[in-house]
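Work through the exercises below with the sequence and the model at hand. Each task is followed by a solution in steps.

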Amino acid sequence: MDNTNPRWTKLVEYVKGKRGRLQAAIDSHEEDPQALRNLIAEMGVELTPTELTNLVSVVRTVIEHIDAGEFNEE
């Protein structure tokens, strides 16, 4: 992951700030993907099941990189 790209930096900062809620969403996706899809739809964003799976995968990957210390401030 390119930690110098401003797009990744913004995403990482967002994930750091919302870590607990995002982790809970990932956990709920594993238990009941449709419930998370419906929740996101209520916020005005329609996702296909594949798009939701991809989104969860990206967030999970960012969390893993954060946990590995790859985005610690110098």
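**Exercise 1: a residue and its partners**

Leaving aside neighbours within four places in sequence, Ile-63 is in contact with Val-15, Arg-19, Gln-23 and Ile-26, where contact means heavy atoms within 4.5 Å. The model is predicted, so local features need pLDDT of at least 70 and side-chain atom pairs count only at pLDDT 80 or more, while totals for chains, interfaces and linings use all residues. Residues are numbered from 1 along each chain as its sequence is written, and side-chain values use heavy atoms, with hydrogens and water left out.

Solution. Step 3: Ile-63 and Val-15 are 48 residues apart in sequence, yet 7.2 Å apart in space, C-alpha to C-alpha.

**Exercise 2: two helices**

Task: describe how α1 and α4 pack, and list the residues that meet.

Solution. Step 1: α1 (residues 6-17) and α4 (residues 49-67) pack at an angle of about 85 degrees, their axes 10 Å apart. Axes are lines fitted to C-alpha atoms, for helices over the stretch in contact, and angles run from 0 to 180 degrees between N-to-C directions. Step 2: α1 is therefore roughly perpendicular to α4 (65 to 115 degrees; under 35 is roughly parallel, over 145 roughly antiparallel, the rest oblique). Step 3: Trp-8, Leu-11, Val-12, Val-15 and Lys-16 in α1 meet Val-58, Val-62, Ile-63 and Ile-66 in α4.

**Exercise 3: two sides of a helix**

Task: which residues of α2 are buried, and which are exposed on the other side?

Solution. Step 1: the buried residues of α2 are Leu-22, Ile-26 and His-29. Step 2: these cover an arc of only 60 degrees around the axis, which puts them on the same side of α2; the arc is that of the directions from the helix axis to the C-beta atoms. Step 3: Gly-20, Arg-21 and Glu-31 are exposed on the other side of α2. Step 4: the buried residues of α2 pack against α1, α3 (33-42) and α4. Step 5: His-29 has a relative accessibility of 11% and touches Leu-36, Leu-52, Thr-53 and Val-56, not counting residues up to four places away in sequence.

Definitions and conventions. Helices (H or I, at least four residues) and strands (E, at least two) are DSSP runs, numbered from the N terminus. Buried means under 20% relative accessible area, exposed over 50%, partly exposed in between (1.4 Å probe, protein chains only).
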